[in-house]
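This report describes a protein chain first as a whole and then through one of its residues. Please keep the sequence and the model at hand while reading.

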Amino acid sequence: MAQGTNDREDENKSSSDEAALSARLGSLEHRLSEVRGSRNIRTDQSEAGSGDNNARASAMAMGFRLSSELIAGVAVGALMGWGFDRLLSTSPFGLIVFVLVGFVAGVLNVIRSAGVAPDRTGR
């Protein structure tokens, strides 16, 4: 009789273990489905955020354009100053003056390109 009682206890214990395991498995499946759902939402939002990447790339292109206009103004001024110094033998003065003029012209071009100042080409 003691053997029959042990078998029933083992069956009851194994069935309660299976029920607990089944409950834990159901809970895990529920949590996983919530996580998968939130990942889908994040993925959808990141696809919608591609406009943000386009805006960032456009801003970067504008930055490169503005910086190249400033550098071009200074470089053209330096070349013109160097040319006048070679032509007129006024060693550093032409270069200094024209580098400053090129810097001012470059800053004005940057301000116009950025849209801060109006373009005054149609006088």
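Helices are counted here as DSSP runs of H or I with at least four residues, and strands as runs of E with at least two, numbered from the N terminus. On that basis the protein chain of this predicted model has three helices and zero strands, and its pattern along the sequence reads α-α-α.

Some totals for the protein chain are gathered below.

| Property | Value |
|---|---|
| Buried share of the 123 residues | 7% |
| Share of contacts between residues at least 6 apart in sequence that join residues at least 24 apart | 50% |

Why does Ser-113 count as buried? Buried means under 20% relative accessible area, and Ser-113 counts as buried because its relative accessibility is 18%. Leaving aside residues up to four places away in sequence, Ser-113 touches Met-62, Arg-65, Leu-66 and Glu-69; with Glu-69 there is also a polar contact, made between the two side chains at 2.8 Å.

Terms used. Residues numbered from 1 in each chain as written. Predicted model: local features only at pLDDT ≥ 70, side-chain atom pairs only at ≥ 80, totals over all residues. Heavy atoms only, no water. Buried < 20%, exposed > 50% of the residue type's maximum accessible area, 1.4 Å probe, protein only. Contact = heavy atoms within 4.5 Å. Polar contact = N/O pair within 3.5 Å; in protein donor to acceptor, adjacent residues only side chain to side chain.
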